[in-house]
Amino acid sequence: MDLGAITKYSALHAKPNGLILQYGTAGFRTKAEHLDHVMFRMGLLAVLRSKQTKSTIGVMVTASHNPEEDNGVKLVDPLGEMLAPSWEEHATCLANAEEQDMQRVLIDISEKEAVNLQQDAFVVIGRDTRPSSEKLSQSVIDGVTVLGGQFHDYGLLTTPQLHYMVYCRNTGGRYGKATVEGYYQKLSKAFVELTKQASCSGDEYRSLKVDCANGIGALKLREMEHYFSQGLSVQLFNDGSKGKLNHLCGADFVKSHQKPPQGMEIKSNERCCSFDGDADRIVYYYHDADGHFHLIDGDKIATLISSFLKELLVEIGESLNIGVVQTAYANGSSTRYLEEVMKVPVYCTKTGVKHLHHKAQEFDIGVYFEANGHGTALFSTAVEMKIKQSAEQLEDKKRKAAKMLENIIDLFNQAAGDAISDMLVIEAILALKGLTVQQWDALYTDLPNRQLKVQVADRRVISTTNAERQAVTPPGLQEAINDLVKKYKLSRAFVRPSGTEDVVRVYAEADSQESADHLAHEVSLAVFQLAGGIGERPQPGF
């Protein structure tokens with residue numbers, strides 16, 4: 001490690017005084033002008049991680065669904081998964097070190113993780129379309145090269161595409177070719193094969209309007225669409241030609257505002273979807289004949305996918321262990337439908353994709369989606385082998401189902417939640433089942449719900465258990481919530497501390513919107529009284 005060269009280069013990427021950042025589920029995110037030193041240092045860290053794991057590591061420059069003036073960075077581990085928790089701590093420590101402490105922190109990390117500094121290192125880099133991304137990815141490259149690492153700069157990529165590249169490189173091409181072309185070919189081939197099996201014909205099933213959030217998704221979908229155009233016609237909106245990234249459009253906007261994005265005209269019962277800024281989330285929606293807006297979020301996406309997978313497994317007679325992973329925010333109707341109607345087991349984890357992903361890996365087939373539309377299906381290597389063998393050996397009808405399952409496996413970007421991959425899976429399933437968007441939406445009706453925030457002096461007074469569904473402290477709070485829940489039909493409620501600010505998040509659902517609103521308000525009052533609420537007491541009315 002040439003500490004002199006690192007110090008010299010680091011001075012060119014100096015840290016602003018007093019800036020403290022935390023590496024979270026989404027990596028680092030803040031205003032782009034504050035990130036130069038962070039990018040340089042994450043280049044350094046990626047080299048150390050690559051040396052330690054003897055694998056290719058990814059660095060993605062993006063701030064996903066944040067406003068255009070923000071940016072961020074996250075590291076991608078060898079199998080396309082998120083950075084290991086102990087290395088998240090190293091990332092935070094390195095990003096916040098003062099210039100004079102940089103060398104010591106780097107040596108500490110190397111010693112603590114037993115990094116062989118003589119080991120070769122290889123880092124792949126991708127970036128989104130933000131104006132600041134090109135310059136910031138150059139800062140990453142500076143960090144990689146000063147520590148002697150080799151790199152490949154893919155330039156503009158969706159976040160899931162970078163995850164895919166890392167996974168491909170570390171599995172010797174078994175998963176696919178580590179090129180953008182390889183990604184397009186793998187997904188499109190599986191999609192076209194699948195949709196050939198669909199008995200329904202006619203354009204009503206095969207046309208989709210896509211809101212690309214003025215982000216990277218538009219660029220990549222446009223490059224890719226001719227590969228799958230025989231199975232699906234896509235119309236792109238908010239494609240970045242005018243309008244700001246994520247402004248009044250994109251999956252996050254549609255989900256939180258419960259309305260369509262600007263810049264898209266929707267006729268009744270037309271199927272529409274929205275990506276977020278880096279194309280790792282997707283939500284669907286439509287207007288009914290009366291002009292009412294219907295959102296189809298991650299819960300309904302997980303239900304469609306897991307139900308279809310279960311049907312295929314039953315058809316080929318495979319008793320594989322399939323599980324759906326949700327968070328406490330998943331609508332109770334979706335959980336009931338999966339468990340009682342589809343007989344698919346459902347598990348609940350703490351909020352945050354890394355918790356869902358980790359749990360999903362415990363099953364032969366694990367499906368997870370957050371309500372915000374971030375998710376995927378994971379298939380164990382043993383299952384992939386088993387299905388491929390089944391597709392060769394079974395008699396006709398069963399072989400057809402096994403072949404479908406094989407295509408579905410190829411279609412998912414298992415390394416990460418991927419809006420393009422998820423869109424193709426959903427479109428294929430709707431075509432194969434002959435379902436309209438309204439019929440999909442009608443699988444079950446969401447229970448009315450309400451989310452609120454309560455300001456408190458210190459959010460740490462709230463601690464939870466049972467995947468954040470029960471409050472352990474302060475004393476008496478969970479008992480109060482239990483008593484309130486008993487007053488309403490089909491109801492539940494939980495509270496959890498925010499990860500970023502001194503507020504407590506309240507979620508309530510019940511058989512009517514009025515009941516859900518009342519329950520949420522009453523739980524908010526209990527939080528205010530028992531958990532050190534500050535400011536004005538929560539008021540009824542929304």
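**Domains and helix packing**

User: What am I looking at, and how are residues numbered?
Analyst: It is a predicted model, where local features need pLDDT of at least 70 and side-chain atom pairs count only at pLDDT 80 or more, while totals for chains, interfaces and linings use all residues. Residues are numbered from 1 along each chain as its sequence is written, and side-chain values use heavy atoms, with hydrogens and water left out.

User: Which UniProt annotation covers 51–97?
Analyst: The unreviewed UniProt entry gives "domain: Alpha-D-phosphohexomutase alpha/beta/alpha" for residues 51–97 and 118–167. UniProt positions are in the numbering used here, feature names are shortened, and annotations may be inferred rather than shown by experiment. Residues 118–167 are 46% helix and 26% strand, and their end C-alpha atoms lie 24 Å apart.

User: Where does UniProt place the "coiled-coil region"?
Analyst: The unreviewed entry places that feature at residues 387–414. In the model, this span is 82% helix and 0% strand, with the end C-alpha atoms 16 Å apart.

User: How is the chain divided into domains?
Analyst: Domain 1 is 3–156, domain 2 is 183–296, domain 3 is 298–418 + 431–442, and domain 4 is 449–531. Those bounds come from an automatic or database domain assignment. The C-alpha centres of domain 2 and domain 4 are 35 Å apart.

User: Helix packing now. At what angle do H10 and H15 pack?
Analyst: About 55 degrees, with the axes of H10 (residues 298–316) and H15 (residues 419–433) 11 Å apart. Axes are lines fitted to C-alpha atoms, for helices over the stretch in contact, and angles run from 0 to 180 degrees between N-to-C directions. H10 and H15 are therefore oblique to each other. Angles under 35 degrees count as roughly parallel, over 145 as roughly antiparallel, 65 to 115 as roughly perpendicular and the rest as oblique.

User: Is that crossing left-handed or right-handed?
Analyst: The crossing of H10 and H15 is left-handed. Left-handed means the near helix is turned anticlockwise from the far one by less than a right angle; right-handed means clockwise.

User: Which residues meet there?
Analyst: From H10, Ile 301, Leu 304, Ile 305, Phe 308 and Glu 311; from H15, Val 425, Ile 426, Ile 429, Leu 430, Leu 432 and Lys 433. Contact means heavy atoms within 4.5 Å. The H10–H15 contact has 9 nonpolar, no polar and 2 charged residues. Ala, Val, Leu, Ile, Met, Phe, Trp, Tyr, Cys and Pro count as nonpolar, Asp, Glu, Lys and Arg as charged, and the others, Gly among them, as polar.

User: And how do the axes of H7 and H15 cross?
Analyst: At roughly 10 degrees, with the axis of H7 (residues 180–195) coming within 9 Å of the H15 axis. H7 and H15 are therefore roughly parallel. The H7 side of the contact includes Tyr 183 and Phe 191, and the H15 side includes Ile 420 and Glu 427. This contact divides into 8 nonpolar, 2 polar and 1 charged.

User: Loops. Which residues does the cis peptide bond join?
Analyst: Thr 473 and Pro 474, with omega about 0 degrees. Pro 474 sits in the loop between strand S17 (470–473) and helix H17 (477–485).

User: What is phi of Gln 258?
Analyst: Near 50 degrees, a positive value in a residue other than glycine. Gln 258 is in the loop between helix H9 (251–257) and strand S8 (272–275).

Notes
Helix = DSSP H or I, 4+ residues; strand = E, 2+ residues; numbered from the N terminus.
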